[in-house]
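Open the model in your viewer and keep the sequence panel beside it. Each stop below says what to select and what is there.

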Amino acid sequence: SAQSRLFIKGGRIVNDDQSFDADIYIEDGIIKQIGNNLVIPGGARTIEAKGKLVIPGGIDTHTHMQLPFMGTHAVDDFYSGTKAALAGGTTMIIDFVLDQKNVSLLEAYDKWRNWADSKVCCDYALHSCVTWWSPEVAKEMDILCKEKGINSFKMFLAYKDVFMLEDNELYEVFKRCRELGALGMVHAENGHLIAEKSSEMIQHGITGPEAHEMCRPEEVEAEATNRAITLANQANCPLYIVHVMSKSAAKVVTKARRQGKVVFGEPIAASLGTDGTHYWNKCWRHAAGHVMGPPLRPDPTTPGYLMDLLANNDLQVTGTDNCTFNADQKALGKDDFRKIPNGVNGVEDRMSVIWEKGVHTGKMDPCRFVAVTSTNAAKIFNIYPQKGRIAVGSDADIVVWNPNASRTISAKTHHQAVDFNIFEGMLCHGVAEYVMTNGHVVLDEGQVRVTQGMGRFIPLPCNSETVFSRIRERERTTKPCKVEREPYDGPVAKITATQMSEKMIVADNPIIPNNAEFHGRPMTSSGARNLQDSTFSLSGQQIDEKSPRRSTTRSLNPPGGKSSGLW
Ligand code: URP
Ligand code: ZN
Ligand code: ZN
């Protein structure tokens, strides 16, 4: 119909790899033509974009709309949250199905679909969280991947007794993800340590929001980031570190990528746009308004540092972790910081904050802005080029972006339901002027025009090429292979049962056999397994170190110069 025909005229199209001046013709939610002097059917509405950039709609990789959490639920639901997203130039969100431990992952998925389908104003997809481990969970992960449009699973190394997995469980989930062609995602903190240090804070009489940061300092985030990367690498599972909040954690991701590990890092609007000095603010509500996990960092140079890494592809994608709570909800923790519901806003302001701190500062160009706000997410989550690109055949999720306009962020004017904004007072150059989702103009000359449920669920297919092509190749090249040799027929030392404590001889420990005789080094004097016997290394070895050692290796370019012989 004529109503669904749009003509965007005179703008500069920006994709992640190039920008050029061209017009766009849209029909029935799809980009039909791009070029100059287009011949278009009559009756199309024309949007004048001269002097403006025409960019793919933003994709927020990390939201928690209406999440039931810490005794309450997030105040921005799938309606207000997606309406606000559109107002800021984000045309798709990826939310997390996150239910209690021991709840069926499929039941939880249905719950989230029911909540979202009737309310979303923009397209959305889902990640699923694995907060417990069993053969049933493994089966459900398979169904989620094959039938329900899930291609990513988030695991927590925080929230002990609530969502946290132990390392052995995490390793199992990573192996399952790799089998299914799904991406592993990790919330990297140390739940055991946080529990200990939180109690210490309370014992010291420190009950305010500053304790939230002090009991989980950035080295704890870095430790967990390193642990997750190591375990994922051992399982040959691609890994995505959600909400990278600190320099230390970002350095760990950067180093791992340079070692060739398949890992992606997601800073969020909050970590790029503000810092943790707010936890020391004299106003309790202000300080509590910034409480999230992992926390913002008190080092005020952190946001700039993360932006530098994002600009240079050490970090790749941006989300928000949008999970909002009003003052009365935050006040659940007024006497004990451990009870402050964790979460901040971001879904509406991410695009502006990244433009301001990234492009307006000269750290990144508009193409990189498009890459980190949209295209890289579309590629990683396997919906490219349907999303994340302005191209013929792609969804008409488009933003007409005015780089010369500015606005000041405030809770008084934002579209979110929450009563607080962590970016309050920030002047942002770069404003979304028109926003189109599936060819509907939903931000139109300052007015947001949406209807509940107009967005669609977008299934995310497994085996994203961006994520898995290297993984599959590694699977083939690093398959462990045994050494063929004559059986050993010499004498074998006898170890009697009494030499080992009863406790150590357990059938369910695969390293210690449940008979008294075994080949290997004897126990240590304290009765522990001799570590020299381990075949499983968490030392972060390179992928090619698994290949069998050969007595001679032919090399065309050996270290020290070319040789025609063997070395
Ligand atoms: O503080 C946060 N991040 N709240 C949402 C849950 C999560 O860990 O992502
Ligand atoms: Zn998290
Ligand atoms: Zn989150």
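**Ground rules**

This is a predicted model, in which local features need pLDDT of at least 70 and side-chain atom pairs count only at pLDDT 80 or more, while totals for chains, interfaces and linings use all residues. Residues are numbered from 1 along each chain as its sequence is written, chains are lettered from A and ligands numbered from 1 in the order in which they are written, and side-chain values use heavy atoms, with hydrogens and water left out.

**Stop 1: the whole chain**

Show the protein chain as a cartoon. It holds 15 helices and 20 strands. Helices (H or I, at least four residues) and strands (E, at least two) are DSSP runs, numbered from the N terminus. Of the 567 residues, 56% count as buried. Buried means under 20% relative accessible area, exposed means over 50%, and partly exposed lies in between (1.4 Å probe, protein chains only). Now consider contacts, meaning heavy atoms within 4.5 Å. Among those in the protein chain with a separation of 6 or more, 75% join residues 24 or more positions apart.

**Stop 2: helix α4**

Select residues 167–180. This is α4, with 14 residues. From first C-alpha to last it reaches 20 Å, close to the 20 Å expected at 1.5 Å a residue. The expected span is 1.5 Å times one less than the number of residues.

Which residues of α4 are buried? They are L170, Y171, V173, F174, R176, C177, R178 and L180. Now display what covers them. The cover includes the helices α3 (135–147), α7 (218–234) and α15 (465–477). It also includes the strands β13 (152–156), β14 (183–187) and β15 (239–244). Step past the end of α4 to G181, where phi is positive, near 75 degrees.

**Stop 3: α4 against α7**

Two packed helices are described by the angle between their axes and the distance between the axes. Here the angle is about 45 degrees and the axes are 9 Å apart. Axes are lines fitted to C-alpha atoms, for helices over the stretch in contact, and angles run from 0 to 180 degrees between N-to-C directions. The pair is therefore oblique. Angles under 35 degrees count as roughly parallel, over 145 as roughly antiparallel, 65 to 115 as roughly perpendicular and the rest as oblique.

α4 passes α7 in a right-handed crossing. A crossing is right-handed if the near helix is turned clockwise from the far one by less than a right angle, and left-handed if anticlockwise. Show side chains for D167, L170, Y171 and F174 of α4, which meet R227, A228, L231, A232 and Q234 of α7. The residues of this contact divide into 6 nonpolar, 1 polar and 2 charged. Ala, Val, Leu, Ile, Met, Phe, Trp, Tyr, Cys and Pro count as nonpolar, Asp, Glu, Lys and Arg as charged, and the others, Gly among them, as polar.

Stay on α7. Of its 17 residues, 14 are buried, so α7 is largely enclosed by the rest of the structure. Just after α7, N236 takes a positive phi of about 50 degrees.

**Stop 4: G149**

Go to the loop between α3 and β13 and select G149. G149 is buried, with a relative accessible area of 9%. Leaving aside neighbours within four places in sequence, G149 contacts L126, L144, F457, P459 and L460. L126 is 23 residues away in sequence and 7.8 Å away in space, C-alpha to C-alpha.

**Stop 5: α13 and α14**

Select α13 (350–359) and α14 (366–380). They pack at about 140 degrees, with axes 11 Å apart. These helices are therefore also oblique to each other. α13 passes α14 in a right-handed crossing. R350, M351, I354, W355 and V359 of α13 meet P366, F369, V372 and T373 of α14. By class, this contact has 7 nonpolar, 1 polar and 1 charged residues.

**Stop 6**

G293 to P294 is a cis peptide bond, with omega near -15 degrees. P294 sits in the loop between α10 (284–288) and α11 (302–311). Another cis bond joins Y384 and P385, with omega about 5 degrees. P385 is in the loop between α14 and β17 (398–408).

Finish at D28, in the loop between β4 (23–27) and β5 (30–35). D28 is not a glycine, yet its phi is positive, about 50 degrees. Is D28 buried or exposed? At 53% relative accessibility, D28 counts as exposed.
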